Amino acid sequence: TSYARARSSVADVSLLIWSLSQNTISCLCFSGVTGSGVCIFSRHPIEETFFHQWSLNGYMHKLHHGDWFGGKGVGLCKLKINNFNINVYSAHLHAEYNKESDEYQSHRVLQAYNTAQFIMLTSGGADLVVLAGDLNTEPGDLAYRIMLSVPGLLDAFIEGGDISTDMVATNESLKNSYTPSCLVKECIPGKRIDYIMYHPGSKIHVDLKKYNLPLPDRVPDCCFSYSDHEAIEATLVINRKEIPDRVKDLVQKKVVLEESLSVLDDALRTLETHRLVYWMFSFVLLVILVILVSLDSPYGYAILFYILKALITILMIFTIIMATAWNKIEKHGILAGKLAILVTLRKYNINASS
């Protein structure tokens, strides 16, 4: 069950914290009901930490998905390494359950944009920015392009140049024991949805020495992998160096943000449809409940009749909440993100015309 997995995850992280406590400092970002799934370990002193939870993160009633219960967001640890100020971010975006009909696309797009905003607003004075985590988006997807273009991050996989095909997939890899057998039989390659991205500060040169998947396919002496996701390793060497100002691709940023606005507008229209549908269900359930209340309970079935009325009442309360409070929360979250994107676009248009 999801609860059992959540308890197991907490136990796993606690074991890691205890095992690595002699050589590392840990930052576990607690959030939501089951936890954010974000934890940062560092061999260097952590000077400051912060966790930003996203306002939109799935639906509470979709228990089989569970993202809402994680309270996902982006965590930040500020490190001091050899007089370099390093900002390390870790994020875990909403999962994609159906690529052809992605009901969470607007949530993931806003999470990506909020993460990009968070990085830009908190990385002033940083010599190096590093973002790592399960971003649940593939190269070319809108959320991926937001992560790269808005804060100006570089994808370590791409910067690594000629990388072996064995190191492409980070999820559903053909070598992973947790990959569904149907995908393995059909030799369907996995997805690259886990990333290490980075951005050097001003007058800082970064050299990517290595990009690698460091763990073996199986836990030693076991028949299973460490996780359904592959671990990623990147080695970055930084030094202070006079370098020309980096060219900012405002055109690409504008294209990405305008596409994001289109996704959010579609989400607002869908929300209005959902609101009307929930109100319709509420009305139908109210009519049924009134009819049942006016009827006498069938002989010998009084308890079942009472349970039926109670269930209809609970269901009606649920549909009313979804049509009112929950709909407003999601609508306001989308509108807030849309306003932030419009402000950024206006800034880019002013810079482009000046």
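**Exercise 1.** How far apart do the end C-alpha atoms of residues 276-295 lie, and what percentage of the span is helix?

*Solution.* The model examined here is predicted. Start from the record: under "transmembrane region", an unreviewed UniProt entry lists residues 276-295 and 301-326. For residues 276-295, the end C-alpha atoms are 29 Å apart, and the span is 95% helix and 0% strand.

**Exercise 2.** Identify the largest nonpolar core, find which element gives the largest share of it, and examine the surroundings of Met-197.

*Solution.* The largest nonpolar core has 41 residues, and those with the most contacts inside it include Tyr-89, Leu-131, Met-197 and Ile-334. Among the elements that give two or more residues to this core are the strands β4 (73-81), β6 (128-134) and β8 (194-200), together with the helices α3 (105-122), α7 (250-294) and α9 (325-353). The largest share, 8 residues, comes from α7. Turning to Met-197, and leaving aside its neighbours within four places in sequence, one finds contacts that include Val-129, Leu-131, Leu-135, Tyr-144, Leu-148 and Asp-155.

**Exercise 3.** Compare the end-to-end reach of α3 with its expected span, and decide whether the helix is largely enclosed.

*Solution.* Helix α3 has 18 residues and reaches 26 Å from its first C-alpha to its last, which is close to the 26 Å expected at 1.5 Å a residue. Next count its buried residues, for which the cut-off is under 20% relative accessible area. Because 13 of the 18 residues of α3 are buried, the helix is largely enclosed by the rest of the structure.

**Exercise 4.** Is Cys-39 buried, partly exposed or exposed, and what does it contact?

*Solution.* Cys-39 is found in strand β2, residues 38-42. Its relative accessibility is 23%, so Cys-39 counts as partly exposed. Beyond its neighbours within four places in sequence, Cys-39 is in contact with Val-13, Cys-27 and Leu-28. Although Cys-39 and Gly-75 are 36 residues apart in sequence, their C-alpha atoms are 8.0 Å apart in space.

**Exercise 5.** How many helices and strands are there in the protein, and what percentage of its residues count as buried?

*Solution.* There are 9 helices and 10 strands. Of the 354 residues, 39% count as buried. Of the contacts with a separation of 6 or more, 71% are between residues 24 or more positions apart.

How values were computed: Residues numbered from 1 in each chain as written. Predicted model: local features only at pLDDT ≥ 70, side-chain atom pairs only at ≥ 80, totals over all residues. Heavy atoms only, no water. UniProt positions renumbered as here; feature names shortened; annotations may be inferred. Helix = DSSP H or I, 4+ residues; strand = E, 2+ residues; numbered from the N terminus. Core = buried A, V, L, I, M, F, W, Y, C linked by side-chain atoms within 4.5 Å. Buried < 20%, exposed > 50% of the residue type's maximum accessible area, 1.4 Å probe, protein only. Contact = heavy atoms within 4.5 Å. Expected span 1.5 Å × (residues − 1).
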